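Reader: I would like to learn how to read the main features of a model. Please take them one at a time, with the general idea before the case.

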Amino acid sequence: QVQLVESGGGLVQPGGSLRLSCAASGTIFDINTMAWYRQAPGKQRVPVATITNGGSTSYADSVKGRFTISRDNAKNTVYLQMNSLKPEDTAVYYCNAVIRTTWRYAASDYWGQGTQVTVAS
């Protein structure tokens, strides 16, 4: 009953910027933590940035000072602003959200389909 849809990926030159968006839709009671993960070719999926429902953020060391995560609760949307992009940032980026569909039951993890980010000249 819940879907996460990512957008904003693409090809960008080193030093450039991209802004990713992820909108949650469906039967949603509330959303707790939202996050962005990425998976490079031949590597494991790893967390990039997280944001709680209270607005607290955390980042992987590799992106600190370059990436910013934010959310718009009225739109059930999370964003990832990526600046000073490097070739090693190339990966499929996945949206993750912890969501309750009803107050009666515990929250579950939901994943988007992924969006490709390629940093190359």
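Reader: What do Cys-22 and Cys-95 form?

Author: A disulfide is a covalent bond between the sulfur atoms of two cysteines. Here Cys-22 and Cys-95 form a disulfide, with 2.1 Å between their sulfur atoms; the criterion is a pair of cysteine sulfur atoms within 2.5 Å. The structure holds one disulfide. Cys-22 is in strand S3 and Cys-95 in strand S9, 73 residues apart, and the pair links distant parts of the chain. The angle about the S-S bond is -85°, and the link is left-handed. Both cysteines, Cys-22 and Cys-95, are buried (buried is under 20% relative accessible area, exposed over 50%, partly exposed in between, with a 1.4 Å probe and protein chains only).

Reader: Before going on, what kind of model is this, and how are residues numbered?

Author: It is a predicted model, in which local features need pLDDT of at least 70 and side-chain atom pairs count only at pLDDT 80 or more, while totals for chains, interfaces and linings use all residues. Residues are numbered from 1 along each chain as its sequence is written, and side-chain values use heavy atoms, with hydrogens and water left out.

Reader: How many helices and strands does the protein have?

Author: Helices (H or I, at least four residues) and strands (E, at least two) are DSSP runs, numbered from the N terminus. The protein has zero helices and 11 strands. Its radius of gyration is 14 Å, close to the 14 Å that the globule rule gives for 121 residues, so the protein is as compact as a globular protein of that length. That radius is taken over C-alpha atoms, and the rule is 2.2 Å times the number of residues to the power 0.38. Along the principal axes, the C-alpha trace spans about 50 × 25 × 25 Å. Buried residues make up 35% of the 121 residues.

Reader: Which strands make up the open sheet, and in what order?

Author: Two strands pair if DSSP finds at least two bridges between them. The open sheet has four strands in the order S1-S3-S8-S7, with antiparallel pairing. Its edge strands are S1 (2-7) and S7 (67-72), each of which pairs on one side only. From one strand to the next the twist averages 15°; the axes behind such angles are lines fitted to C-alpha atoms, for helices over the stretch in contact, and angles run from 0 to 180 degrees between N-to-C directions.

Reader: How many bridges join S1 and S3?

Author: S1 and S3 (residues 18-26) are antiparallel over six bridges. Within S3, Cys-22 is the bridge partner of Glu-6, and Ser-21 is that of Ser-7.

Reader: Which residues have the most contacts inside the largest nonpolar core?

Author: In soluble globular proteins, nonpolar side chains tend to be buried together. A nonpolar core is a set of buried Ala, Val, Leu, Ile, Met, Phe, Trp, Tyr and Cys residues joined through side-chain atoms within 4.5 Å. The largest one has 27 residues, and those with the most contacts inside it are Trp-36, Phe-67, Val-78, Leu-80, Met-82 and Tyr-93. Elements that give two or more residues to this core include S1, S3, S7 and S8 (77-82). The largest share, five residues, comes from S9.

Reader: Is Asp-89 buried or exposed?

Author: Asp-89 counts as buried, at 0% relative accessibility. Its place is in the loop between S8 and S9. Apart from neighbours within four places in sequence, Asp-89 is in contact (heavy atoms within 4.5 Å) with Arg-38, Arg-66, Phe-67, Ser-84, Val-117 and Val-119.

Reader: What is the phi of Ser-84?

Author: Most residues other than glycine have a negative phi, and most peptide bonds are trans. Ser-84 has a positive phi of about 50° although it is not a glycine. Ser-84 is in the loop between S8 and S9 and is partly exposed, with a relative accessible area of 40%. Asn-76, in the loop between S7 and S8, has a positive phi near 50°. At 26% relative accessibility, Asn-76 counts as partly exposed.
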